[in-house]
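Please look at the structure below before reading on.

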Amino acid sequence: MSMLLSPNHHEPLTERVWDEAWVRRRIDEIVADAEGAVGASGLWAEHPRDFDESGQWLKGFYAGAAGTIWGLHVLGHGRDDLIDGLYESYVNEPDSTGLVPGYWDGEAGILLVAQLLGGDAAGADRLQSAIGRNAGNETNELMWGAPGTMLVALAMHGRSGEQRWADVWIESAEQLWSRWSDDDDAGCYLWTQLLNGKTAQYIGPAHGFAGNVLALWLGRHLLDGDRAAELERRAVATSTTLAVREGGLANWPPTVGPLAHRGRVRTQWCHGAPGMVTSLASVARDDDAFTELLVEAGELTWRAGPLAASPGLCHGTAGNGLAFMALYERTGEAAWLERARKFAVHALEQVAREREEHGTGRYTLWTGDIGAAVMAQSCIESRAGMPSLDWV
């Protein structure tokens, strides 16, 4: 197993057992802390660890106010009025990556939350425009690119039934599909990403193949039958080709090449086995060989243990735990639900531990406390799917 992960980036699993009453109290504590920490500007102070990692994320969806507001809302709490004026504030003073139309870091994420909380027709028009402008985004990934805004279009189509949202999804899907090519060296179908002026072929959901497949797969009802079948075939073949397997376990590198990347092997949602499972668990449900591969990835995630770096969704314990929820939904085996709940308890303990260490909460959806709380709520409800991707 050692070649498939870097053990020093994980920690022993908590001995605390699942106790729903205890979990609900921890969720309520996270919510109350976040509600009490919002500033006069309607924003939350950036956590030191988020600033160190990314620059500045104050308003957007991934690690800013839009995602926090959404997370509090789905937890049944929060001040929905905080979304008022957030878009205008972002346009006037964007986060550090500039004014962009994307989902996680851009206009679309903020505008989507506004619509989910009762936005007006003008806001819907602005959201449609942002999705359309992002259709040709050269990043070819979920965070900034068209796959992310395709998920926004699907959310709006499901909410309203309006054809215009299907139309903008199809426009983006056509461009995304046209860039999905058979790579002779890798022996499978891949996209090439352009991020920060550099090209790479990412495999996981945050920046590459798995996230792109998810955006297409969730909208497969908008594809013709032949293309939907080809999507499934390519998804299974590429995932199988790029998997690194040993002793009944499986993992994937962040990019095409060696499993170790920048000095370590990753086993987390954004890069590695957990994200591949959550993104692909609803694909090819009747394919026993593919189910076996996903189960091997789940076993690796379990044996690796919680991530030491974070309780969150993107590269933390909560995100890894949702791989078990995905396998529970795919296989029906209760052991996966029990494992997910164990990781949820550990993530909630990590939240408390980090708050004590830093003297503040980490008020973000994808990197911090809010995501851990949403994941724990999903475990109470036995609900599979990545929050804000598979469901909004």
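The questions and answers that follow concern a predicted model and set its computed values against the rules.

Q: How do you know that the span of helix 12 agrees with its number of residues?
A: Helix 12 covers residues 288-304, which is 17 residues, and at 1.5 Å a residue these should span 24 Å. The expected span is 1.5 Å times one less than the number of residues. Because the C-alpha atoms at the ends of helix 12 are 24 Å apart, the two values agree.

Q: What makes D287 a cap for the N-terminal end of helix 12?
A: A side-chain oxygen of D287 lies 3.1 Å from the backbone nitrogen of A289, and a polar contact requires N or O atoms within 3.5 Å. Just after helix 12 comes G305, which takes a positive phi of about 90°.

Q: Which elements are included in what covers the buried residues of helix 12?
A: The buried residues of this helix include F290, L293, L294 and L300, and here buried means under 20% relative accessible area. Among the elements that cover the buried residues of helix 12 are helix 10 (225-242), helix 13 (317-331) and helix 14 (334-358).

Q: Why is N196 called exposed?
A: The relative accessible area of N196 is 79%, and a residue counts as exposed over 50%, so N196 is exposed. N196 sits in the loop between strand 3 (193-195) and strand 4 (198-200), and its phi is near 55°, a positive value in a residue other than glycine.

Q: Which residues touch the most other members of the largest nonpolar core?
A: Of the 130 residues in this core, they are W104, L216, W366 and L389. Helix 14 gives the most to the core, with nine residues. Contact means heavy atoms within 4.5 Å, and the residues that L216 touches include M150, W169, W177 and L231.

Q: What lines the second largest pocket?
A: Its lining has 16 residues, of which I83, D84, A114, G119 and D120 lie nearest its centre. Helix 5 gives the most to this lining, with four residues. About 210 Å³ of space lies in the second largest pocket.

Terms used:
Residues are numbered from 1 along each chain as its sequence is written. This is a predicted model: local features need pLDDT of at least 70, side-chain atom pairs count only at pLDDT 80 or more; totals for chains, interfaces and linings use all residues. Side-chain values use heavy atoms; hydrogens and water are left out. Helices (H or I, at least four residues) and strands (E, at least two) are DSSP runs, numbered from the N terminus. Buried means under 20% relative accessible area, exposed over 50%, partly exposed in between (1.4 Å probe, protein chains only). A polar contact is a pair of N or O atoms within 3.5 Å; within protein, one must be able to donate a hydrogen and the other to accept it, and residues adjacent in sequence count only if both atoms are side-chain atoms. A nonpolar core is a set of buried Ala, Val, Leu, Ile, Met, Phe, Trp, Tyr and Cys residues joined through side-chain atoms within 4.5 Å. On a 1 Å grid over the protein atoms alone, a cavity is a set of points where a 1.4 Å probe fits but cannot get out, and a pocket is an open set with protein on both sides within 12 Å along at least five of seven lines; lining residues have an atom within 4 Å of a point. Grid points are joined across faces, edges and corners, and a volume is the space filled by probe spheres set on the points. Lists of a residue's contacts leave out its neighbours within four places in sequence.
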